[in-house]
Amino acid sequence: MTTTDPRAVVIRYVEAVRDGDADVVYDSFAADATWHYPGDLPISRTWRGRDAIVNDFLGGMGPILVPGSMTIELVGTIAEGDRVVAEWTSKADTVFGTVYDNRCIGVYTVRDGKITSVVEYSDTRHVAAALFPGHGAPVLARTVQAP
């Protein structure tokens, strides 16, 4: 089922990430979509194009995470026109022996049933410590971080 309602498009996308449905994830983005991830991490930049977003940015996390350990929970959404703010939690074990446990916000723009842009906000200090040890953040103990 395809919908053009911006909130439904974003919910469908987040649920597809949660469920590991790569086809729906890919189909959720416009070919020329952008995803901006602020900060100074190795993943911090504006990712341009659906292929770069899905294969390089989102797919680039695969080698860092223990297979089957990722859980995603959509906390809620707020929509106004073509913009949707989604809040979610992401949790996973990493190959470094740390636990990634973050609460994130994304500001999505949806046009014609496709995500055209995303700006994501998260605890980048935690991202650095859990996913990029040695990138200037302290190494995390193997414990779950409080929300």
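In this predicted model, six strands form an open sheet in the order E2-E1-E6-E5-E4-E3, and their pairing is mixed. Strand E2 (45-48) and strand E3 (71-80) are the edge strands, each pairing on one side only. From one strand to the next, the twist averages 20°. Helices H1 and H4 both contact this sheet, and the largest pocket draws its lining from helices and strands.

**Strand pairing**

- E5 pairs with strand E6 (residues 114-121) in the antiparallel sense, over seven bridges.
- Within this pairing, Val107 stands opposite Val119 in E6, and Gly106 has Glu120 of E6 as its bridge partner.
- The hairpin of E5 and E6 has two residues between the strands, and Asp112 in this hairpin takes a positive phi near 55°.
- E1 and E6 run parallel and are joined by four bridges.
- His36 stands opposite Val119 in E6; Val119 also stands opposite Val107.
- In a regular strand, side chains alternate between the two faces of the sheet.

**Helices on the sheet**

- H1 lies across E1, E3, E4, E5 and E6, and its direction is at about 170° to E3.
- H4 packs on the sheet and touches E1 and E5; the directions of H4 and E5 make an angle of about 125°.

**Aromatic pairs**

- Nine aromatic pairs are found in a search of the whole structure.
- One of them joins Tyr13 and Trp35, whose ring centres lie 6.3 Å apart; the planes are at 65°, so the pair is edge-to-face, given that planes over 60 degrees apart count as such.
- This pair links distant parts of the chain, with Tyr13 in helix H1 and Trp35 in strand E1, 22 residues apart.

**The largest pocket**

- The volume of the largest pocket is about 820 Å³.
- Its lining comprises 34 residues, and those nearest the centre of the pocket are Val17, Leu58, Met61, Met70 and Ile72.
- Two or more lining residues come from each of helix H1 (6-19), helix H2 (22-27), strand E1 (29-37), helix H3 (50-58), strand E4 (83-93), strand E5 (99-111) and helix H4 (124-131).
- H1 supplies the largest share of the lining, five residues.
- Classified by residue type, the lining of the largest pocket has 24 nonpolar, seven polar and three charged residues.

Methods: Residues numbered from 1 in each chain as written. Predicted model: local features only at pLDDT ≥ 70, side-chain atom pairs only at ≥ 80, totals over all residues. Heavy atoms only, no water. 1 Å grid on protein atoms, 1.4 Å probe; cavity = no way out; pocket = protein on both sides within 12 Å on 5 of 7 lines; lining within 4 Å. Points joined across faces, edges and corners; volume = space filled by probe spheres on them. Nonpolar A, V, L, I, M, F, W, Y, C, P; charged D, E, K, R; others polar. Pairing = 2+ DSSP bridges. Axes fitted to C-alpha atoms, helices over the stretch in contact; angles between N-to-C directions. Contact = heavy atoms within 4.5 Å. Phe/Tyr/Trp six-rings, centres within 6.5 Å; stacked < 30°, edge-to-face > 60°.
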